[in-house]
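Please find below my notes on the model you sent.

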Amino acid sequence: MNARLVMLSTVDSGVTDSEVFQLALHHAVAELGGLGAVIHLRGPMSALRLVSAAGLPPGLARYWEIVDQEGPMATARAVRSGRGLWVPAGPTEQWPGTGLAAVPVFGTERVVGALTLLTGDRGEPSGEQWDFLRAVAGWVQERMSEAPPPVRPPRGELSGSRLKDALREVRVGSWEWTIQTSELVLDEAAMDIYGIDPSEARAESWMTNVHPDDLPWTLATMEKAIRNISVYEVEYRVRRPDGSFGWTQNRGKVIANEMGEPVRIVGSTWDSSESRSVRDTVSRALKYMSEGFLSVDDHGRIVFANLEAERTLGSPEEVLTGRILWELPAIRQVQGLERLCRKDSSPTPASFDIELPTTGRWYHLRLRPVPDGTTCYLTDITDKRRHDAERQAAAERTASIAKLTAALATATTSSDVAEAAARQIPPAMGAAGLLVQAREGDRMYNVGSVGYPQPFLDQMDGRPLSARTPVSEAMLTGAAVFISSEEEYEARFAAAGDTVSETDMKAWAFVPLTVSGRPLGTCMISFDHPRRLTSEERTLLATVSDLVAQALERARLYDAEHTRAEQLQRGLLPRHLPILPACTAAARYLPAGQNREVGGDWYDVIPLSAGRVALIIGDVMGHGLSQAATMGRLRTAVHTLANLELPPDEILSHLNEIVAGLGEESYATCLYALYDPTTGLCSFAHAGHPPPAVVHPDGTVHFPTLTQDPPLGSAELPFEIVELAVPDGSLLVLYTDGLIESARRDIDDGMAALSQALATAGDKDVDQICQTLMAGLLPSEEHSTEDDAALLVARVHALAPDKMASWPLPEDPRAAAEARKHVRAQLALWDLDDLVATTELLASELVGNVVRHARGPLQLRLLHSADLICEVSDGSLTMPRMRNASETDEGGRGLQLIAALSRRWGTRYTATGKCIWTEQAVTGPHDQPPDADALGLVTPIAWELDEDLDALPFAQGD
């Protein structure tokens, strides 16, 4: 008995009701040894319709076709009572000697029918047999709820064909059914369609003509409509007069009375066999089409699935039918699917690419709204996506090579080449790191990298080629080395295993960079997962390595030339600025970006006589060795001209001639500033250069107004001089346009930024001020790559009044004696007694020369700063000239004597004439001034001449 129940439980879900009924009856008869069995279902009227029979001859079966629900038969009593019922054999049951055992078949809300067994003369079933019958009835009920209706066409395009049906000439019948009395009123067309004789127009006759497989769900649909007082719509098969079955479409409406109770159904019917045949044909075509096809009703329930859809979704149609589309695990991931399929939403075609989690294959899901729901198409696009991905990868690799080629074409330095390779190669290969190394002698040095930790790079940098490493093997053999895993690396290069421990890489490619058979370096590409490169990828790497090698060769030549040019340029700039009493200076020079040639920015600080200092800054337009050479020429020329003590405008005039003589395309800007610590005045002259910044001790920033003179090489004479009083402790800031102007900032904004930075400089050291200005105006991430930048900052120091003394002298021979008297007195005040004798001699010689060879007015001035400066001025423009005197000459040794006794001497023009000056180092307490006699430059004749001058009448009183 249990074995039969187990056998019934193995029946697949989705079998038809007729198959369920037959299986249940056969097992019930066999288990209880009965003569036969029947199953009745109740409809929405007072009748039970025979839906399946087993073991009964046709004549007896007709007796059981319609059973009155209110009658005395065991079947009707079991339905009414809802429990099993035994009726012993007797004449009341029409078959003497045959007992009846009936058990109800329950639905979801009430009893829907009964299973009745003809027991013969065996008597009432035992308790165990009753349990078996009830279990079989329960199995019937369970399977009835799972069984789908007969195969229908998909909704959407197929069921939407009703409009076409309506347009055809069809006969539509009308009917009206009274629920309580089961009276059925049919018109002539309806009688023809149902095959019912007008004299037998009752519900029982209609039930008899419905195909047994269609009756259960047809009755269930009608009962639901009556219960909900709603529209009744169903399509089923009915028996024709010739015994065949044809399809009929029914639609009706339940009518209720004043109490809300259903009393009748009014509807229409028409023959749908022809359209059904067409739909069946289409359905078969859909069933076997290569694409997956699903039809979904207005509520998202699947009503049809073809074979490809079954295969794709991994479930048969019986399981899929009735399921909600957006609840299927494979399609649940599609966002908004429920909204698109709902009846109350505006129908919108849509399509998605989805991946089925069960198979990993990709499908293109298309949704197309139709009048009664939605149709869904599933197209396998896995191969297409794979091919598309391969094409996309190939296109990306091609694009990466194109980008790499373009980047390498503009790369000028080795670092540029490595940066371009690091930016383009790893994404194209799916790599996690790249290291470019260049060969120098027998060692490999890092040029550029990405994706590696610094300890690993330090370990790789400078490694000898003698070590047995994959880098060495690639360099020495000229062939690429491919390693697909850590184990392979350890097996082949155990001695070099320490490099692997510094990274998380799992696979490598070491590609030599070779030009004309000569290895320049290697390109190491690493992956963060084990990987064996395909032949196509290895060919790609070979192509890429050739591009990188050629670019690296060009870059190394450029690097060598650029290094030499930079060394030349920096060699032409001052190595150290002089330490001067008149100013404390500091400077900075920042070359243009590495992809540019050297420029021509320069600066200088030149000490002049009387403690004065010249501050110069310039910019030769353009970049290259020619510009660097021009800069060196101009700086040398400025030194020469400055030492001639020429004024700023004359110096620029000479420079203009020099630049103009270099060619039409040679131009330079220049600013020349001359600071005099004795007067506190600064004189400026410029040629096309930005104005200097003057920062007063109180923080006020001032840019002197200079005329807009053209640059050197195209300027027109004369140059203008601007003279400005500069307080003690002020800053003079000279700069080139590269400091304040760039592609992202115009010159006005740059000068405003410079002014703001200088206003907060305060009492900082000039070196700190330079550092602050360069960092603030040219941060490393924003530094223009188009121009150099030079900066010169000087803090000026005025000479104190008590360190200066001057006297007018008479224009006669008494001037020498008077000069010596002033020298003795002033040096005593300055506590420079050790320099009295030397200074007296220098002053005598200078004054004597003026008296003999020049004219007044005559003036003596002493300056005490770091050195002792002695100056004699006169009104003549005749410059003294040193010459070689023979032993018999009485004169010609005065300037030699001055050069021997002073550390430095010279002459300069003034506004009223000229000035001859000497400088002596201020000696310490143990230092002795030079001995003129020991030098052999003072002859007795010279001393005698000086004594004779003192003996003259106008010299008396000295």
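This is a predicted model: local features need pLDDT of at least 70, side-chain atom pairs count only at pLDDT 80 or more; totals for chains, interfaces and linings use all residues.

1. Across the whole structure, the search finds 27 salt bridges. Side chains of opposite charge can pair when their charged atoms come close.

2. In helix α14 (residues 382–410), Arg391 and Asp388 are three residues apart, about one helical turn. Their side chains form a salt bridge, with N to O at 2.0 Å. Arg391 is exposed at 53% relative accessible area, while Asp388 is partly exposed at 24%.

3. Helix α15 (residues 414–429) holds Glu419 and Arg423, four residues apart and so separated by about one helical turn. The closest N and O atoms of this salt bridge are 3.5 Å apart. Glu419 is partly exposed, at 47%, and Arg423 is partly exposed as well, at 44%.

4. Glu488 pairs with Arg492 in a salt bridge, the closest N and O atoms being 3.5 Å apart. The two residues lie four apart in helix α18 (residues 486–492), about one turn of the helix. Relative accessible area is 21% for Glu488 and 29% for Arg492. Elsewhere, salt bridges with shared partners join Lys384, Asp388 and Arg391 into one network.

5. Glu537, in helix α20 (residues 535–572), counts as buried because its relative accessibility is 13%, under the 20% cut-off. A polar atom of the Glu537 side chain lies 3.0 Å from the backbone nitrogen of Thr534. Beyond its neighbours within four places in sequence, Glu537 contacts Met429 and Arg531.

6. In helix α17 (residues 470–477), the buried residues are Pro470, Val471, Ser472, Ala474 and Met475.

Terms used. Residues are numbered from 1 along each chain as its sequence is written. Side-chain values use heavy atoms; hydrogens and water are left out. Buried means under 20% relative accessible area, exposed over 50%, partly exposed in between (1.4 Å probe, protein chains only). A polar contact is a pair of N or O atoms within 3.5 Å; within protein, one must be able to donate a hydrogen and the other to accept it, and residues adjacent in sequence count only if both atoms are side-chain atoms. Contact means heavy atoms within 4.5 Å. A salt bridge is a side-chain nitrogen of Lys or Arg within 4 Å of a carboxyl oxygen of Asp or Glu.
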